Amino acid sequence: MFDTYRKRRRNRGPRSPWLFRLPKAFQINSSLLFLALFIFLAGLAALLGLSEPNAITSKMSLPYYRAWGALLTFAGVALTWGIIARDILLEKFAARITTIQLLVYAAWAIAAVGPARAGVTMMFNAIVIFFLEQRICFINAILQAKHAEMLLRE
């Protein structure tokens, strides 16, 4: 049984890593895609009103919590679609919306429960905002290089 497998493997040659079998969007932006899907799921949970009774979000009134969840869901879907479809303008727009939403949420959390209890939320938001802003800067650099290339051609 094992000899047959080894013979088959020798005849095919070296096999490429499984990562190269994925679409390019998953190869290059896998961490950002994971973050976008996480944002979508968090927004969907907020939109459906699923929050733990002891969570910070339980202090937010229900209509605002649902509206925030709807915007977060939209931003997560737009960011995911922008990454998969390689639409850099949609990705930049969705990343900026998400950054603004997370800043507002962090400010609200500090006002609602105080900085001591909102510390973990602020750190998580700061990390996500850092990665999103880093991606926005990268997209701006790409757009600037494309613009400079276009000017050189003229």
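Because the model is predicted, local features need pLDDT of at least 70 and side-chain atom pairs count only at pLDDT 80 or more, while totals for chains, interfaces and linings use all residues. Residues are numbered from 1 along each chain as its sequence is written, and side-chain values use heavy atoms, with hydrogens and water left out.

Helices here are DSSP runs (H or I, at least four residues), numbered from the N terminus.

| Group in α3 | Residues |
|---|---|
| Buried | L32, L33, L35, A36, I39, G43, A46 |
| Exposed, on the face turned away from the buried side | S31, F34, L41 |

Seen down the axis of α3, the buried residues fall within an arc of 160° (directions from the helix axis to the C-beta atoms), so they line one face of the helix.

The axes of α3 and α6 (residues 119-153) come within 12 Å and cross at roughly 130°. Contact means heavy atoms within 4.5 Å, and L32, L35, F38 and I39 in α3 meet F124, V128, F131, L132 and R135 in α6.

A95, in helix α5 (residues 88-113), counts as buried at 2% relative accessibility. Leaving aside neighbours within four places in sequence, A95 is in contact with L79, L132 and I136.

Technical notes
Buried means under 20% relative accessible area, exposed over 50%, partly exposed in between (1.4 Å probe, protein chains only). Helices (H or I, at least four residues) and strands (E, at least two) are DSSP runs, numbered from the N terminus. Axes are lines fitted to C-alpha atoms, for helices over the stretch in contact, and angles run from 0 to 180 degrees between N-to-C directions.
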